[in-house]
Amino acid sequence: MTENILLIPGPVVISNKVQQALGTGSVSHTSDEFVAVFSSVLKKTRQVFKAGESSQPLVLAGSGTLGWDIAASNLIETGDKVLVLSTGFFSDSFAECLQVHGAHVDKMTAPLGGVVPVSDLRAALTPGGYKVITITHVDTSTGVMNDVKEICKAVKHVSPETLIVVDGVCSVGCEKLEFEAWGIDYALSASQKALGAPPGLSISMLSERAVSVAFSQKSQSCFYTSLKRWIPIMQNYESRKASYFATPAVQLINALNVALDEILEHGLEERIAKHWTTSDWFKNKVTEELGLELVSANARVSAHGLTAIYVKNPPEVISALKNMGIVISGGLHKDIQGEYIRVGHMGESACNDSLQHIQSCFDALKALEL
Ligand SMILES: *Cc1c(COP(=O)(O)O)cnc(C)c1O
């Protein structure tokens with residue numbers, strides 16, 4: 001069987017070392033061996049989010065979506081007002097999750113391929129009353145990236161009491177994100193995108209302020225996602241004490257440990273820079289050499305972990321590439337679903353020195369004479 005090159009925006013190709021770490025035998029979740037690994041994972045998670053000692057890392061079995069439920073069930077009580085900045089499918093799904101948990105959601109929807117102007121956001125926040133704002137750092141449905149730093153600055157200025165929640169599922173590990181310096185209260189990510197691990201882990205970070213909101217909730221209708229239950233467990237593991245609320249995903253955490261080592265090996269900055277270089281290379285080639293158009297309106301709002309490209313017949317392009325051994329994704333935004341393709345370039349595929357994955361993808365697209 002020839003192995004396909006997986007170039008979708010998650011799951012991504014994992015390195016051999018990460019794959020080996022996933023294949024280790026079972027150990028007890030309370031063994032010294034595992035406790036040491038989990039402690040190290042939590043410490044490295046702080047580094048990847050650029051969070052210090054006052055922030056609280058959280059690594060739970062579950063996918064990226066679990067982070068939405070964690071935010072909604074711990075930071076929101078029925079009737080609380082939330083402002084959602086929508087840049088596509090994932091922002092909208094997060095809004096739906098918040099509504100399920102009883103939030104009153106107001107949505108500001110960006111023009112397709114663009115972002116909500118910060119001046120509009122300031123105006124919306126001025127009357128006050130929003131307990132939470134949600135920002136999708138990179139909306140994987142469009143490849144649009146928000147300027148989270150600038151948005152945080154505006155929120156701090158106009159409505160400092162509003163908690164800032166960032167969906168970084170498609171950004172942590174491949175875009176600049178400074179949890180503490182920018183004043184983010186909750187940032188959520190997942191293992192299978194730019195962190196370069198297998199799917200199955202929700203990885204997130206809470207500010208001191210978010211932790212105290214979670215602990216002072218009057219009523220809570222969740223069990224597994226309860227931060228009151230999980231935070232003491234995370235703190236114990238980090239300080240190398242075995243602890244139990246629900247069984248952690250032992251092998252996945254072992255694989256994440258190796259993936260985080262690979263990210264931090266030459267420094268987070270270099271890792272992010274590699275993603276940017278790969279992304280710029282690919283985007284330039286498809287626009288200049290193939291004359292194709294991107295969904296993201298301009299370079300300032302373009303993500304670096306994936307590229308969304310308008311093509312004439314997406315299903316045909318996807319199946320032609322599949323026949324050449326390259327797996328890419330179709331569109332996901334309701335307004336243009338059948339009009340574009342998405343190519344993921346995160347983790348190994350973006351950082352491996354040879355860059356042969358993305359080169360093969362470009363060559364295949366070129367051969368189709370789109
Ligand atoms: C992939 C993704 C999600 C959902 O993650 P799952 O692991 O599929 O649950 C949420 N938000 C963004 C921005 C994503 O890219």
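A polar contact is a pair of N or O atoms within 3.5 Å; within protein, one atom must be able to donate a hydrogen and the other to accept it, and residues adjacent in sequence count only if both atoms are side-chain atoms. In such a contact, the side chain of R342 lies 2.8 Å from the backbone oxygen of T140. The model is predicted: local features need pLDDT of at least 70, side-chain atom pairs count only at pLDDT 80 or more, and totals for chains, interfaces and linings use all residues. Numbering starts from 1 along each chain as its sequence is written, and side-chain values use heavy atoms, with hydrogens and water left out.

The ligand is surrounded by 13 residues (a heavy atom within 4 Å). S63, T65, T140, D167 and K193 are the closest. This shell divides into five nonpolar, six polar and two charged residues. For T65, the distance is 2.5 Å. For K193, an N or O atom lies at 2.6 Å. For Q192, the value is 2.7 Å. On its own, the ligand has 380 Å² of accessible area (Shrake-Rupley method, 1.4 Å probe). The protein covers 88% of this area.

R342 carries the feature "binding site" in an unreviewed UniProt entry; such annotations may be inferred rather than shown by experiment. R342 is buried because its relative accessibility is 8% (buried means under 20%; 1.4 Å probe, protein chains only). Beyond four places in sequence, R342 touches residues including L7, P9, S141, L306 and G331 (heavy atoms within 4.5 Å). T140 is also among them.

Key. Nonpolar A, V, L, I, M, F, W, Y, C, P; charged D, E, K, R; others polar. Buried < 20%, exposed > 50% of the residue type's maximum accessible area, 1.4 Å probe, protein only.
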